[in-house]
Amino acid sequence: MMIRKFAIAVYFLATILNTSLAFAQDKGDEDKTMANEARDRDKKAIDNAVNGWWTASMKTHDSRVSWWRDARFGMFIHWGIYSLPGGEWKGKRIDGYAEHLMRKQKIHRAEYLELAHQFNPVKFDADKWVKIARRAGMRYLIITAKHHDGFAMYNSKVSDYNVVKQTVWKHDPMADLAAACKKYGLKFGFYYSHAFDWEHPDAPGNDWDYKNPGGDLNLYGGRDWYDLHPELLPKAVKYVDEKAIPQIKELLTTYHPDILWFDTPQKLPLSENIRILQAIRETDPNVVVNGRLARAGNNLNMGDYKNTSDRPAEFFPVDGDWEAIPTTNESYGYSKFDKSHKPVGFFIQLLAEAASRGGNLLMNIGPTGDGEYAPEDVAILNGIAGWMDKNSESIYKTTKTPLPFQSWGVSTRKGNLLFLHVFKWPTDGKIMVGGLKSDINKAYLLTDLSKKELPFQRINPLDISITIPSKAPDTINTVIVLATKGNIETDTVRLLSGGDGTNRLLAFDAELTGKGFGFGDGKAGKYYLDGWSKLDQSIKWNFRLLKPVTYKITIKYLADASDAGTFECTVDSLVKKGEALSSEKDEIKSSSLGEMTLPVGVHTLQIIPTTITKNNLMKILEIQLTPLNN
């Protein structure tokens, strides 16, 4: 196994050093890729890692991340002195990520320090924070020990720019949280901004006080400053040596966290990020490290697992261990103005979807400057708690489902048990489990303590029908347990519903033909495929039907001024023509492609471009198939 990992790493090295990656413009709040472009400059650091310490560290990878894999659900907390103004500065509402207040308003270090002097969160109660998280079913907690503002939320000996030395509170909340997590059985960890530091005169990011690179003014070439102006790199290296690495080591040796979480690696070259990871591994070989520290595109990731983009609503395909970081509203730090909190059901279903694909959900909240969870967050957490009290077995220690996509929801696996997470309760009293070749011993509702059996029957070699109550016990997510006989064997082709609403064929789940496709970040309205610029690119989905169905076919896509063209939607020999229209701004378009009547059997729906009149055809989101004959 280690020989295989070494060979893969060498392949990654060769690939990234000879491939030019395209990156989105950094808009400040969030960079699309959260990755570096590897250069020849980085080759020595990569060689050193692959031929030595990193490959050696991966020998204990599985044991290091075993608790994290089992946990599946964690709490992310963004809390700092920016939480006190809560998205307001000098009477002005500041939109976007509230934790980016200093950057957004170009607040000078001295003035920001005055804000720190007012920080006095007397309502902070570490035990209460952790108990609420545990009650919601979270099994690990990660909090911002230092965010991009450079202010340490612990008693740092490296820099006096910290919560103990600069606030009237003069308290170390990280010590309290570390103790509370140990007391209540949660794993504990830190977010640390290693590459972005707006208070330090040598660090990337602050272009208003220090005229440093890496900020919004795009001084010295913007995002790629270290490639265009390598003479500036020694200054950033000085910051890494004098603050970033010493504080990370300080956190490791003082609080002994289980996990470290990093962000915005693109602010430093890959070689520096690798050097930081090496310092971590030398200090504590057992701490878990997320995937946003040392990575180059999709080809190299030296972390223990991968991260998706911020605030996902849908998940693009990710192999191996991965984690998503939704937040309860839209900001990660507390914003008094952001009332866009998502419903409880969104997070319950998102958690099940992540687990079904073999991933974790690290759900963020932003406590107030007083030291309390916002009431909207508490309501969400309590709602999740009610569901997890009864259904946590279907989440913890589960693995990626072997079943194909299902029209009613998702599924998770634990050994020979399949947990069916039913989001759309069938109205005909039957739920069809498509693609399950294995026989089952028993089917029952997870919340039924008596485990009363639900009647079931095999209707063909691939599908099992289960008789269910007329009303869903839980309208958000009812879990049905299937105990299978022996090994679980499945088919790969999804079974579509001929009734009970619309079937969604997501672009994220399509089979791709041709090179150049990319994924959107998965946020609401951005779960698209992009890079559709060539006529030899196409996408398709395979599906099965158990009865003839007439479907209304609708295509949803995101268009901008660079998108336009025509295409064909084919199902077997049937063809519908469509047109992708451009828009002056990003706009979700929905277009009917007409109706198709399809017989029983396996079908392939394909979208094939016929003309591309601008840069790209479109950014397709999904195909919707709505039954008309039921």
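Predicted model: local features only at pLDDT ≥ 70, side-chain atom pairs only at ≥ 80, totals over all residues.

Over the ring of which residue does the charged end of lysine 442 sit? That ring belongs to tyrosine 444, and the charged end of lysine 442 is 5.4 Å from its centre.

Let me turn to the aromatic pairs. Across the whole structure, a search finds 27 of them. One is formed by tryptophan 79 and tryptophan 129: the ring centres are 5.0 Å apart and the planes meet at 75°, which is over 60 degrees, so the pair is classed as edge-to-face. This pair links distant parts of the chain, since 50 residues separate the two partners. Tryptophan 79 lies in the loop between β1 (73-77) and β2 (88-89), while tryptophan 129 belongs to helix α6 (residues 126-135). Tryptophan 79 is buried, at 0% relative accessibility, and tryptophan 129 is also buried, at 2%. Both belong to one aromatic cluster, together with Phe119, Phe124, Trp169 and Tyr373.

A further pair is that of phenylalanine 188 and phenylalanine 190, with centres 5.0 Å apart and planes at 75°, so this pair too is edge-to-face. Both of these phenylalanines are buried.

My last topic is aspartate 563, in the loop between β26 (549-559) and β27 (565-571). Is aspartate 563 buried or exposed? With 1% relative accessibility, aspartate 563 counts as buried. A polar atom of its side chain lies 3.0 Å from the backbone nitrogen of aspartate 560. Beyond four places in sequence, aspartate 563 touches several residues, including Leu558, Lys614, Asn616 and Lys619.

Methods. Residues numbered from 1 in each chain as written. Heavy atoms only, no water. Phe/Tyr/Trp six-rings, centres within 6.5 Å; stacked < 30°, edge-to-face > 60°. Helix = DSSP H or I, 4+ residues; strand = E, 2+ residues; numbered from the N terminus. Buried < 20%, exposed > 50% of the residue type's maximum accessible area, 1.4 Å probe, protein only. Lys NZ or Arg CZ within 6 Å of the ring centre and 35° of its normal. Polar contact = N/O pair within 3.5 Å; in protein donor to acceptor, adjacent residues only side chain to side chain. Contact = heavy atoms within 4.5 Å.
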